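Please look over the sequence and the model shown here.

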Amino acid sequence: MNQALGFRASLTDAGLVGLYDYWMALRQSLGRLPRRSEIDPLDLPAEVLPGMIIIERDADLRFWCRLAGTRMREIYGFEVTGKYLDDVMPAGAVTFRKGIYQTVLDGRCALFCRLRFSVPGREFVASDRLYVPVLNDDTDEATVLVGAQRYLMSSEIVGTPDSDGIYSLVVDDTPA
């Protein structure tokens, strides 16, 4: 079985599939991971943009949000763009989320997860997320993640999350 097709089948939303297909097509045509500047949001499906996120790992190994779509601002109740992960989330969530981001960047692989998280003033929010790695514009290092999120209705959530809030997590192990 084609590993990429198996991973793609785990994606639950047309926007997530659109981002994955776009990233894979760029990766194949370039013969490498795309650079951040080679990702053109205008080429992505329109439904991706409100939930799109670009996260960058800095030299101190901290993650900050270069860009967050308008839906994220609505969910969090404040602008996430420009903020560090550890300024937005509780410490336990930061540790786990950093692990996800490191997996994507160090493995140079796509990752899909369904998770729930707490937002101040709300009980929990659940979402499906796809993260793909891209290269820094100045180096050949994968230090940037492009992500897309779809926030879920409670009727879409089946099962019980683990202690980190994860319902499912799938890594695309297609060779880079």
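## Strand pairing

Strands β1 and β5 run antiparallel and are joined by four bridges. Two strands count as paired if DSSP finds at least two bridges between them. Helices (H or I, at least four residues) and strands (E, at least two) are DSSP runs, numbered from the N terminus. Ile53 stands opposite Gly147 in β5.

This is a predicted model: local features need pLDDT of at least 70, side-chain atom pairs count only at pLDDT 80 or more, and totals for chains, interfaces and linings use all residues. Residues are numbered from 1 along each chain as its sequence is written, and side-chain values use heavy atoms, with hydrogens and water left out.

## The whole sheet

Six strands make up an open sheet. Their order is β2-β1-β5-β4-β3-β6, and the pairing is antiparallel. The edges are β2 (63-68) and β6 (166-171), each of which pairs on one side only. From one strand to the next, the twist averages 25 degrees. Strands of a sheet pair through backbone hydrogen bonds, either parallel or antiparallel.

Nine bridges link β4 and β5 in the antiparallel sense. Ser127 has Tyr151 in β5 as its bridge partner. A hairpin of six residues connects β4 to β5. On to β3: seven bridges join β3 (residues 111-117) to β4 (residues 125-135), again antiparallel. Leu111 has Tyr131 in β4 as its bridge partner.

## Helices on the sheet

Helix α2 lies across β3, β4 and β5. It runs at about 10 degrees to β4. Axes are lines fitted to C-alpha atoms, for helices over the stretch in contact, and angles run from 0 to 180 degrees between N-to-C directions. Helix α5 (residues 91-107) packs on the sheet and touches β1, β2, β3, β4, β5 and β6. Its direction makes about 35 degrees with that of β4.

## Core and burial

The largest nonpolar core has 52 residues, and Leu130 and Tyr131 touch the most other members. Helix α2 (residues 14-30) gives the largest share, eight residues. Such a core is a set of buried Ala, Val, Leu, Ile, Met, Phe, Trp, Tyr and Cys residues joined through side-chain atoms within 4.5 Å. Buried means under 20% relative accessible area, exposed over 50%, partly exposed in between (1.4 Å probe, protein chains only). Strand β5 is mostly covered, with 10 of its 10 residues buried.

## Two polar residues

Glu56 sits in β1 (residues 53-57). It counts as buried because its relative accessibility is 11%. Its side chain makes a polar contact with the side chain of Arg66 (2.6 Å). A polar contact is a pair of N or O atoms within 3.5 Å; within protein, one must be able to donate a hydrogen and the other to accept it, and residues adjacent in sequence count only if both atoms are side-chain atoms.

Gln149 lies in β5 (residues 142-151). At 7% relative accessibility, Gln149 is buried too. Its side chain makes a polar contact with the side chain of Arg129 (2.9 Å). Beyond four places in sequence, its contacts (heavy atoms within 4.5 Å) include Leu16, Ile53 and Ser127.

## Cysteines

How many disulfides does a search of the whole structure find? It finds zero. A disulfide is a pair of cysteine sulfur atoms within 2.5 Å. For Cys109, the nearest cysteine sulfur is that of Cys113, 12 Å away. Cys109 is buried at 7% relative accessibility, and Cys113 is buried at 0%.
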